[in-house]
Amino acid sequence: MTSTKTEGMSIKFGPFEVTKQVFLTTPHSYALVNLKPLIPGHVLVCPLKSHLRLTELSPVEITDLFSTVQLTQRMLAQKYFPVPGDLMSGSFTIAVQDGPDSGQTVPHLHVHVIPRRKGDVGDSPDVIYTKMASEDGNIGGALWDTERRPVPAGSMPRIEDADRSARTHEQMEAEAGEYRTILRELGVQ
Ligand code: AMP
C-alpha cells in the first residue's frame, strides 16, 4: 500500500535509521528528506530492501521504485514549481550514482529527485552533477571501507559543500511533515 504513515516501521538508509525522515512508503520503496540537500526539495527515493546497486532490483521492485519517483515529483511540483502542480512549469534532475566510482557514498541504492529552477546552481544547470559527485554527502563515505570509499569527483570548489551543514532532526521532520500533508492533498493516505 502507498502511504504517508510509518507507524510501527523501522526504516534504514544504509546504516542510518531514518524512519522519521520518511514521508512516503510503498510495498517496495520509500522516500525521505535529505540530511544535506543540494538545493531545496532535494529528496531521495530508495528500495525498502537495502540493495546496493540498480541491477539487483527485481522487475517488480524497479517498477515500484520509479513509480515512487513519479509520485514524489508530483508532490514536489506542488511546492517548488512556478505553477504549483503543473509539471511542465518546472524541471527535475533525477539521478542515480550506481556504485562508488560514480560518486555513490551511501551503500543503499537511492534515486536523487531534485526540483530545478532556472539559475538555481549558477549559469549551467549541469553544475548539479558536479555538486552531487563532490558533495559531502560523503558522510556516508566514512562508513565504507577505505578501499571502496569514493573519492569526491568534480572540479567545483568544496567551499559551498563545507558551508552546507547537516540539518537537525527537527528540521528534517518538519520538512517530511510538510510533504506528507501535500501527499494527503493528492489523495495518498
Ligand atoms: P550519493 O553521494 O549519491 O551516495 O548520495 C548520498 C545522499 O544521501 C546525499 O544526498 C546525502 O546528503 C544523503 N544522506 C546521507 N546520509 C543521510 C541521512 N542520514 N539521511 C538523509 N540523507 C542522507
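# Briefing on a predicted single-chain model

At a relative accessibility of 8%, Thr26 counts as buried, since the cut-off for a buried residue is under 20% relative accessible area. Thr26 belongs to the loop that links E3 and E4, and the model in which this is seen is a predicted one. The chain comprises 4 helices and 7 strands, and 48% of its 189 residues count as buried.

**Overall make-up**

- Along the sequence, the elements follow the pattern β-β-β-β-β-α-β-β-α-α-α.
- Among contacts with a separation of 6 or more, 61% are between residues 24 or more positions apart.

- An open sheet is formed by 5 strands in the order E3-E4-E5-E7-E6, with antiparallel pairing.
- At its edges are strand E3 (22–25) and strand E6 (91–95), each of which pairs on one side only.
- From one strand to the next, the twist averages 20 degrees.
- Strands of a sheet pair through backbone hydrogen bonds, in either a parallel or an antiparallel arrangement.
- E6 pairs with strand E7 (residues 111–116) in the antiparallel sense over 5 bridges.
- Within this pairing, Thr93 stands opposite Ile114 of E7, and Ala95 stands opposite His112 of E7.
- E5 also pairs with E7 in the antiparallel sense, over 3 bridges, and Val45 stands opposite Val111 of E7.

**Strand E7**

- Because 6 of the 6 residues of E7 are buried, this strand is largely enclosed by the rest of the structure.
- In a regular strand, side chains alternate between the two faces of the sheet.
- In E7, Val111, Val113 and Pro115 point one way, while His112, Ile114 and Arg116 point the other way; all are buried.

**The helices**

- Helix H4 (residues 169–185) lies across E3, strand E4 (29–33) and strand E5 (43–47), and runs at about 35 degrees to E3.
- The axes of H1 and H4 come within 10 Å and cross at roughly 105 degrees.
- H1 and H4 are therefore roughly perpendicular to each other, because angles of 65 to 115 degrees are counted in that class.
- On the H1 side of this meeting are Leu71, Met75, Leu76, Gln78, Lys79 and Tyr80, and on the H4 side are Glu175, Glu178, Tyr179, Ile182 and Leu183.
- Helix H2 (residues 127–134) is mostly covered, with 6 of its 8 residues buried.
- The buried residues of H2 are Val127, Ile128, Lys131, Met132, Ala133 and Ser134.

**The nonpolar cores**

- The largest nonpolar core has 25 residues, and the members touching the most others are Phe23, Leu76, Val113 and Tyr179.
- At least two residues of this core come from each of E3, E4, E5, helix H1 (59–80), E7 and H4.
- H1 gives the most to this core, contributing 7 residues.
- A second, separate core of 9 residues includes Ile11, Val22, Tyr30 and Leu44.
- Apart from residues up to four places away in sequence, Leu76 touches Gly41, Val43, Phe81, Phe92, Val113, Pro115 and Tyr179.

**Two loop residues**

- With neighbours within four places in sequence left aside, the buried Thr26 is in contact with Met1, Thr2, Leu48, Asp64 and Thr68.
- Arg53 is located in the loop between E5 and H1.
- Arg53 has a relative accessible area of 32% and is therefore partly exposed.
- Residues up to four places away in sequence not being counted, Arg53 touches Asp98, Gly99, Pro100, Gln104 and Leu109.
- Arg53 and Leu109 are 56 residues apart in sequence, while their C-alpha atoms are 5.5 Å apart in space.

Methods. Residues numbered from 1 in each chain as written. Predicted model: local features only at pLDDT ≥ 70, side-chain atom pairs only at ≥ 80, totals over all residues. Heavy atoms only, no water. Pairing = 2+ DSSP bridges. Axes fitted to C-alpha atoms, helices over the stretch in contact; angles between N-to-C directions. Contact = heavy atoms within 4.5 Å. Core = buried A, V, L, I, M, F, W, Y, C linked by side-chain atoms within 4.5 Å. Buried < 20%, exposed > 50% of the residue type's maximum accessible area, 1.4 Å probe, protein only. Parallel < 35°, antiparallel > 145°, perpendicular 65-115°, else oblique.
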